[in-house]
Number of protein chains: 2
Amino acid sequence: MPPDRSTLITQIGELVTNDPDQPGFAAVADAALVIEDGTVAWTGPAGQAPAADTAVDAGGRAVLPGFVDSHAHLVFAGERSAEFAARMAGRPYAAGGILTTVAATRAASDDALRANLRRLAAEMLAQGTTTFECKSGYGLTVADEARAVALAAEITPEATYLGAHVVPPEFAGDVAGYVDLVCGPMLDACAPHARWVDVFCEDGAFGADEAAAVLAAGRARGLSARVHANQLGPGPGIRVAAAAGAASADHCTFLTGADLDTIVSTGMVATLLPGAEFGTRQPYPDARRLLDAGATVALATDCNPGSSFTSSMAFCAALAVRDMRMTTQEAVWAATAGGARALRRTDVGHLTAGARADLILLDAPSHAYLAYRPGVPQVAAVWQAGRLAAGSVP
Amino acid sequence: MPPDRSTLITQIGELVTNDPDQPGFAAVADAALVIEDGTVAWTGPAGQAPAADTAVDAGGRAVLPGFVDSHAHLVFAGERSAEFAARMAGRPYAAGGILTTVAATRAASDDALRANLRRLAAEMLAQGTTTFECKSGYGLTVADEARAVALAAEITPEATYLGAHVVPPEFAGDVAGYVDLVCGPMLDACAPHARWVDVFCEDGAFGADEAAAVLAAGRARGLSARVHANQLGPGPGIRVAAAAGAASADHCTFLTGADLDTIVSTGMVATLLPGAEFGTRQPYPDARRLLDAGATVALATDCNPGSSFTSSMAFCAALAVRDMRMTTQEAVWAATAGGARALRRTDVGHLTAGARADLILLDAPSHAYLAYRPGVPQVAAVWQAGRLAAGSVP
């Protein structure tokens with residue numbers, strides 16, 4: 001079904017524009033917006049709105065840019081609720097958990113992986129996420145990584161090759177051998193499907209030299225870099241990310257002053273993933289320190305079956321406000337425009353003329369309700385490239 | 001529309017029964033359940049299920065008792081999102097906030113209050129809450145409290161008279177005069193509509209003698225007692241609740257050893273409201289200390305426009321697991337059977353033969369997903385007294 005040629009949404013109580021000409025969060029009251037051919041054609045005062053083929057009365061409710069979830073691990077099989085429940089009951093974080101998912105993913109059929117991935121993507125869209133990144137990383141063989149990246153590319157242009165997620169059991173004791181595979185035949189098989197190369201740079205995963213090699217190999221194949229950095233402890237992740245020109249360093253829980261300086265001076269995005277700290281009962285990253293230093297901060301879900309199985313950007317925004325001391329405006333900017341920056345996208349994350357018509361109509365009068373009413377489903381309707389998503393009731 | 005005479009739900013991956021013959025959480029795998037005339041008529045192994053007029057295939061998903069939200073303030077007008085956003089941005093908790101809602105509520109028409117109340121009740125039902133308590137407390141005049149309790153009684157048998165919520169401005173400096181009103185003409189007007197009498201026993205609200213007087217007056221009119229106790233600091237709340245034979249002491253954030261002993265020895269329920277700590281960035285109550293001492297713990301939302309505007313019991317259960325160190329089983333029991341205990345109800349909170357057919361079909365294989373997938377809407381269908389709620393898609 002093609003989108004209507006033009007749709008007017010009027011009587012918008014608060015239109016979050018994130019106007020790129022203004023620093024950070026931007027919103028206007030009593031506004032209207034026109035969608036044409038999948039794009040935002042016009043925004044302005046409700047009283048000056050032009051006519052359109054279809055009209056939607058927002059009745060004073062808020063309209064936001066669709067969420068941009070720049071960090072998600074969605075190609076997997078199986079689940080780990082028992083591991084989660086055990087961890088919450090006091091058993092320590094089991095680093096081997098990822099390998100449980102690797103085994104299940106390798107054993108799954110293409111169709112099973114695709115069905116799970118599409119179910120999660122639909123769930124995300126229903127919750128207002130209109131752009132998302134999707135990583136491989138639970139295959140860890142040439143064939144399994146290639147199919148993971150290819151499956152991700154079926155549903156998002158932001159497919160990420162994360163062969164360097166963890167060292168698989170068959171390479172135990174031979175990290176160098178695995179890095180050679182990741183930088184060689186596995187990259188050859190994955191690069192055609194991916195936009196991004198990512199690496200988990202952490203004690204117990206990949207060290208500075210290994211991570212740098214993976215990113216350099218990916219870049220040589222035309223992929224852009226992003227890095228899992230400084231999640232579980234201090235380390236070289238930020239430095240490695242900067243050297244590779246990474247768009248984003250993700251997690252950023254343990255940052256030295258030098259790391260902070262690097263993030264600010266390079267302009268790389270610090271992507272915070274509070275769902276992971278929620279799901280592992282770890283301390284949250286210090287968002288205020290980053291923001292106060294002038295860093296660009298994004299929020300993402302880290303949706304994955306181990307450490308953070310939420311797909312709710314609204315939940316992450318609420319955590320950011322309560323537990324990371326971001327303002328409601330900072331959190332909503334980070335979950336929309338921040339995510340767009342982390343993916344180097346200029347067409348999403350804002351609602352000004354020319355943007356892709358990705359938007360959320362909230363059942364609430366302002367963006368602040370995402371944190372003010374935590375856990376409550378408040379997405380009335382979602383448009384993605386101008387199309388009304390299934391289940392939306394504007 | 002009458003409910004079907006009988007409905008079979010089969011292929012239930014996990015049926016949370018909370019069998020009252022067992023201590024705490026109880027569940028069975030590969031189960032079925034039959035609803036007849038609004039009541040649970042049978043539960044047992046899926047392979048032994050009897051026939052019914054209608055059959056629902058749960059396909060391995062979990063079925064839980066409907067949530068019992070034993071603490072909610074739903075009769076109000078206005079909203080306080082700006083106050084919330086300011087508080088989160090670092091301005092201290094404004095005790096005067098309640099009076100903002102009092103002014104808006106007094107100014108609202110009956111129809112406006114009723115519409116807001118019904119909207120919230122519908123929102124709660126869609127999220128799986130099939131029984132809820134509802135307090136007055138934003139009127140604080142004889143007429144305004146009476147209409148609030150009467151409105152609450154329109155939609156729940158668990159209507160609570162909370163004239164002693166806060167001292168209204170027209171009685172500033174004359175707490176005794178206001179308590180006389182609460183115990184006299186206001187009680188006369190409210191008692192016919194209410195089941196419960198409640199008091200906010202806290203420094204800055206009502207002291208021990210005043211709270212005891214309010215509860216005694218209510219009990220003399222046939223109301224049963226419940227108490228807001230020890231939320232903001234240590235105090236006499238638990239002692240007062242025990243003396244009044246209260247069903248529940250709510251909040252319980254600051255408890256002495258003697259308070260804990262009193263809770264355990266009287267068997268009163270300790271109702272924890274983590275949404276309030278989330279919304280005010282206060283420390284969470286020590287659920288483990290209560291549970292380990294043998295106390296009966298309930299979880300409720302405290303849904304209100306100031307300190308805790310969530311209506312999501314699933315969100316509260318997730319907070320209870322992550323931030324109060326309850327197990328997933330303890331949290332789900334507390335959000336269902338615990339709430340029933342706090343309301344002295346034996347017909348809800350469990351799914352064994354004879355219970356009211358209040359149940360939730362989750363889009364997930366186990367109860368643990370409420371915390372494992374925080375913020376994600378996972379309620380596929382809700383039955384209340386055997387009726388499928390609007391919007392349910394079993």
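Which strand and which helix of chain A each supply at least two residues of the lining of the second largest pocket? Before I answer, a word on the model. It is predicted: local features need pLDDT of at least 70, side-chain atom pairs count only at pLDDT 80 or more, and totals for chains, interfaces and linings use all residues. Residues are numbered from 1 along each chain as its sequence is written, chains are lettered from A in the order in which they are written, and side-chain values use heavy atoms, without hydrogens and water.

The answer is strand S14 (296-299) and helix H13 (328-342). Helices (H or I, at least four residues) and strands (E, at least two) are DSSP runs, numbered from the N terminus. H13(A) gives the most to this lining, namely seven residues. In total 26 residues line the second largest pocket, and A:Gln22, A:Gly24, A:Trp333, A:Ala337 and A:Arg341 lie nearest its centre. A pocket here is an open set of points on a 1 Å grid over the protein atoms alone, where a 1.4 Å probe fits, with protein on both sides within 12 Å along at least five of seven lines; lining residues have an atom within 4 Å of a point. The lining divides into twelve nonpolar, nine polar and five charged residues.

I turn now to the interface. The contact (heavy atoms within 4.5 Å) takes 43 residues from chain A and 43 residues from chain B. About 3,400 Å² is buried between the two chains, 60% of it from carbon and sulfur atoms; buried area is the accessible area (1.4 Å probe) lost on putting two parts together, summed over both.

Across this interface the rule finds two salt bridges, a salt bridge being a side-chain nitrogen of Lys or Arg within 4 Å of a carboxyl oxygen of Asp or Glu. The side chains of A:Glu123 and B:Arg373 meet in a salt bridge at 2.7 Å, N to O. Several helices of chain A each supply at least two residues of the side that touches chain B, including H3 (110-126) and H12 (313-324). H12(A) gives the most, with six residues.

Finally, the structure holds 43 salt bridges over all chains. One joins A:Glu154 to A:Arg118, with the closest N and O atoms 3.1 Å apart. This pair links distant parts of the chain, 36 residues apart: A:Glu154 is in helix H4 (residues 142-155) and A:Arg118 in helix H3.

Conventions: Ala, Val, Leu, Ile, Met, Phe, Trp, Tyr, Cys and Pro count as nonpolar, Asp, Glu, Lys and Arg as charged, and the others, Gly among them, as polar.
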